[in-house]
Amino acid sequence: MKITEALVDYISQLSRLRLPPEEKRAMTTELEGIVAYMDVLDGLDTAGVEPMSHVFPLKNVTRPDQTAPSQDGEELLANAPASKEGAFLVPKAVE
Amino acid sequence: MELWKLTALELGEALGSGSVTRAAAVQAAQARIAWIQRSCNAFLTVTDPQTPQKAGDSPLAGVPMAYKDNICTKGVRTTCASRILENFIPCYDATVVERLAAAGAVSLGKLNMDEFAMGSTSETSCFGPVRNPWDLTRVAGGSSGGAAAAVAAGGVWYAVGSDTGGSIRQPAAYCGVTGMKPTYGTVSRYGLVAYASSLDQIGPIARSAADCAAVLDVMIGRDARDSTSLDRPADGLLAGLTGELRGKRIGLPADCFGDGLDRPVASAVLAAADVLRARGAEVEEFHLPVMKYVVPAYYIIACAEASSNLSRFDGVKYGWRAESYGDLGELYTSTRTQGFGTEVKRRILLGTFVLSSGYYDAYYKKALQAKAVIKAAFDRAFARYDLLLTPVTPSTAPRLGESLSDPLKMYLSDIYTVSVNLAGLPALSMPCGFDPQGLPIGAQLIGPPLGDGEVLNAAHAFQLETDWHRRHPGGQYAPAAAEGGI
Amino acid sequence: MTWETVIGLETHVELATKTKIFCSCTTEFGGAPNTHCCPVCMGMPGTLPVLNQKVVELAVTAGLALNCAITPHSRFDRKNYFYPDLPKAYQISQLYLPIARNGRVDIGEGKTIRIHELHMEEDAGKLVHDPWLDQTLADYNRCGVPLIEIVTEPDFRCAEEVIAYLEKLKETLQYLGVSDCKMQEGSLRCDVNLSVRPAGSAQLGVRTEMKNLNSFKAISRAIVYEARRQIELLEEGKPVVQQTRRWDENKDATYAMRSKENAQDYRYFPDPDLPPVELSGAYLDRLRAALPELAEAKRVRYQTQWGLPAYDAKMITSQKPLADFFEALVSLGTKPKQGANWIMGQVLGQLSAHGLEAGDMALTPPTLARLIALVEAGKLNRNTAVKVFEAVFETDGDVDAYVAAHGLEQVSDAGLVAEAVEQVLAANEKSVADYKAGKEKAFGFLVGQVMRRLKGQASPAMVNQVLRDRLG
């Protein structure tokens with residue numbers, strides 16, 4: 001698998017990260033090496049093996065539909081970089 | 001007697017009998033912490049000891065301890081050693097914090113670590129690296145490096161860390177202390193800032209296996225806030241430590257003793273096997289060929305989950321926000337670009353790649369299949385053996401700055417620890433010797449799912465025979481005046 | 001050339017649970033910004049989701065009623081994207097194993113719409129533009145409110161079919177108690193995928209997706225507009241561009257939304273924080289047995305069991321709260337047809353006068369049943385009863401107390417009626433003569449005069465009787 005700078009651009013954009021040209025070159029080379037190493041997995045025969053997302057067979061872990069008091073709004077907003085009248089403030093996002 | 005050289009249980013007993021006061025214990029710890037901060041950079045936040053709400057009936061009630069800084073503490077800054085959370089003050093306690101506080105734990109602060117637990121050296125912290133108390137030119141390991149260094153150097157009697165691919169066991173090995181990653185699900189993850197949710201587990205770092213058992217007795221058990229948490233076993237772990245090993249079968253995976261393992265480490269671990277044999281265990285070699293797939297499977301899964309888990313750090317709700325930005329897209333990109341360090345970015349990019357359209361099947365899905373194969377291989381091993389014994393790391397603590405230059409090499413050094421997380425198993429790292437430079441070596445005991453008691457008991461048996469866990473780093477930085485004697 | 005319009009729908013329905021899908025915060029509509037929130041639904045670091053069991057129950061119930069195959073082993077996936085209404089930067093949804101698939105809905109006249117899938121997911125927050133700051137305010141009260149998304153196959157050919165489907169869907173989900181389907185509160189939201197192709201072609205054209213459709217009227221008009229727009233483009237030889245378009249209610253037109261910076265690559269993967277949902281045969285049997293009687297069955301029963309005209313049965317079953325109200329009236333002894341008349345006349349009239357939904361009215365069945373009983377017993381005349389109804393409607397007031405307080409009880413004293421009749425006859429000799437000369441109209445005038453003297457509180461039947469007797 002060849003990692004190109006174009007691919008690194010694409011995944012950086014999806015991740016909302018910006019890599020200056022020099023960093024991008026270095027990252028491309030590093031990712032190339034890491035991904036090449038990951039290709040070791042090609043040697044493992046996984047035909048017919050069900051992908052395992054949960055290691056233990058837990059299922060149906062639910063809670064009853066009972067309300068609990070919500071957290072104090074001020075506490076929830078205490079860490080907000082910008083807020084107004086109880087709402088979080090961000091640059092214009094509404095079309 | 002120097003208080004800081006006691007185990008947590010010994011100090012707990014002294015506090016219980018009244019031969020040591022809580023104030024004296026705290027004072028002894030604070031004196032050590034002042035020096036540890038200057039030399040090891042183990043703490044990110046040192047807090048005034050909170051008087052526990054309750055006296056607590058744990059044998060550890062009143063014993064000073066500290067948390068890795070990715071465990072949320074209400075009202076106390078929780079940074080994950082990242083610029084992006086440098087001012088984050090949670091409005092809630094993690095479940096483990098609630099449980100330990102109720103048992104009478106006295107927290108002295110928050111411990112340095114690799115940024116978002118991503119690293120094997122605690123050098124990716126945005127607050128500077130942790131130094132190894134045995135040799136200040138070397139790393140303490142990671143990602144729970146601050147926790148291991150603080151316990152080794154006597155700043156606290158135990159610490160609570162997290163282990164996603166070895167982050168408790170590896171620094172414990174480098175710092176000559178005992179660290180345990182319990183079975184996935186036994187300790188609630190609620191309040192642990194997620195790195196890789198399917199692999200993360202909270203666990204203790206302390207001097208001895210018995211101390212770890214006592215800490216786990218407080219922390220384990222089902223939590224309604226964590227859907228992956230498991231029911232508490234009926235019997236206490238500490239109460240189950242008999243030291244009895246007769247008839248136990250221990251497997252040595254030959255694949256963990258081959259190329260890449262330093263000789264001093266290999267000999268120390270094999271010597272540990274002899275100690276276990278002397279206590280009545282049967283130890284034999286076997287083959288575990290899946291070992292060659294564990295590192296790639298681990299990094300694909302961990303990075304994929306991390307890329308999603310760390311997306312919430314966007315400068316909107318909490319944490320650091322870029323100082324200048326134009327539109328919304330720039331707010332996100334600038335905040336994340338400036339807020340995350342290089343290793344975190346590398347893993348986010350890698351994780352984004354393996355999940356992205358066109359690559360999911362070849363990488364992420366393949367890794368989940370590999371995980372199933374690895375789990376099955378361990379299941380087969382545990383049909384024959386009660387426990388497995390392996391090294392924790394291929395070598396002893398590297399020098400500061402040696403590892404980060406080659407990320408792939410750093411990832412490969414996690415080979416002995418990551419398989420345990422993939423298979424959800426309990427595993428413990430215990431000191432088993434020193435290399436010619438005087439650096440600690442760790443041995444890893446791995447148990448079957450929910451075999452936490454078995455693992456702790458074998459380690460306890462080993463520690464009844466040996467005193468590696470009672471060795472302390474030298475006085476190169478700790479003048480006697482700073483030590484709280486009685 | 002003739003063109004065929006092909007439409008598929010994605011409908012988001014908010015489930016009628018008390019709490020959010022993954023935490024115990026209330027789902028109540030409204031509230032000051034960020035007051036129905038906790039660390040979990042706000043995506044604070046370290047928090048974890050725990051599934052609300054009622055969400056599974058309601059989603060499965062909906063799936064069964066829409067004739068879907070229920071997935072015995074389903075699970076949640078993360079859909080990753082950055083937007084300020086999504087605090088975790090991923091939405092917990094279902095991609096790989098949705099809870100239900102392959103259903104169908106009959107919309108009448110032999111037309112069936114196939115359901116592709118039905119899945120569970122969490123709602124996002126609300127963004128409001130602040131004109132003073134020219135910035136956006138994010139409120140996470142809606143975050144984590146449980147939704148089901150129902151995706152149809154591209155089986156619709158016109159707006160009428162879409163509306164028929166949505167009415168049927170709304171009716172069914174309300175009857176099931178799965179959702180209140182209040183479009184004005186966003187409990188039922190619809191995205192329309194539309195393409196056109198030459199009639200007879202088997203290949204689908206390039207489609208557009210329309211969002212922000214918050215009423216049946218808007219959906220209907222947007223479909224007509226968008227189909228015409230696409231046909232015009234194609235007839236001019238221009239291509240239709242695959243894009244998301246927004247319906248502008250005021251301009252009566254759709255326009256392309258600003259194209260997203262990035263291609264949509266949501267990087268779905270199984271959520272490691274949530275164990276799978278496995279449904280046993282016994283669980284499904286229990287929910288299947290608990291499915292309530294739906295509107296269609298009620299319509300038939302009202303006609304056969306209670307003899308209602310088809311029109312009445314349809315009106316009353318159009319909304320479940322009305323049908324429930326009606327059945328309660330009947331169980332309190334009201335004659336079915338009487339009850340139906342009052343509901344279709346007065347109840348619907350007052351609801352529309354007050355701008356209320358049937359589910360929100362204060363009036364209870366015993367109040368109306370009592371009022372109808374008073375009319376039946378001859379104690380109130382119908383006109384007075386209507387006035388009483390209007391007076392008690394808003395607060396579910398006490399009918400007897402109101403009648404007593406306002407002295408509205410019907411005059412049933414024959415002596416009083418006879419006295420009024422004598423006075424009217426004496427004062428209207430001309431009308432009496434007209435009547436006797438055969439002008440039936442004069443009789444009506446005399447009845448009216450008597451009623452007026454008695455302030456409308458007499459039984460018209462009694463006045464008629466006394467007058468006819470007196471005039472021979």
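A salt bridge is a side-chain nitrogen of Lys or Arg within 4 Å of a carboxyl oxygen of Asp or Glu. The exercises below use this predicted model.

**Exercise 1.** Find how many salt bridges the rule gives across the interface of chain B and chain A, and which side chains meet.

*Solution.* Step 1: the rule finds one salt bridge across the interface of chain B and chain A. Step 2: the side chains that meet are those of B:R346 and A:E30, at 2.8 Å from N to O. Step 3: this distance is 2.8 Å and the cut-off is 4 Å.

**Exercise 2.** Describe the extent of the interface between chain B and chain A.

*Solution.* Step 1: count residues; 65 of chain B are in contact with 51 of chain A. Step 2: take the area; about 5100 Å² is buried between the two chains, and carbon and sulfur atoms give 72% of this. Step 3: in chain B, the residues losing the most area to chain A are B:Y293, B:L349 and B:K366, which together make up 13% of what that side buries.

**Exercise 3.** State how many residue pairs are in polar contact between chain B and chain A, and which helix of chain B gives the largest share of the side that touches chain A.

*Solution.* Step 1: there are 17 residue pairs in polar contact, with both residues at pLDDT 80 or more. Step 2: elements giving two or more residues to this side of chain B include helix 8 (291–309) and helix 10 (342–355). Step 3: the largest share, eleven residues, comes from helix 11 of chain B. Step 4: by class, the side of chain B that touches chain A has 36 nonpolar, 17 polar and twelve charged residues.

Note on methods. Residues numbered from 1 in each chain as written. Chains lettered and ligands numbered in written order. Predicted model: local features only at pLDDT ≥ 70, side-chain atom pairs only at ≥ 80, totals over all residues. Heavy atoms only, no water. Contact = heavy atoms within 4.5 Å. Buried area = accessible area lost by both parts, 1.4 Å probe. Polar contact = N/O pair within 3.5 Å; in protein donor to acceptor, adjacent residues only side chain to side chain. Helix = DSSP H or I, 4+ residues; strand = E, 2+ residues; numbered from the N terminus. Nonpolar A, V, L, I, M, F, W, Y, C, P; charged D, E, K, R; others polar.
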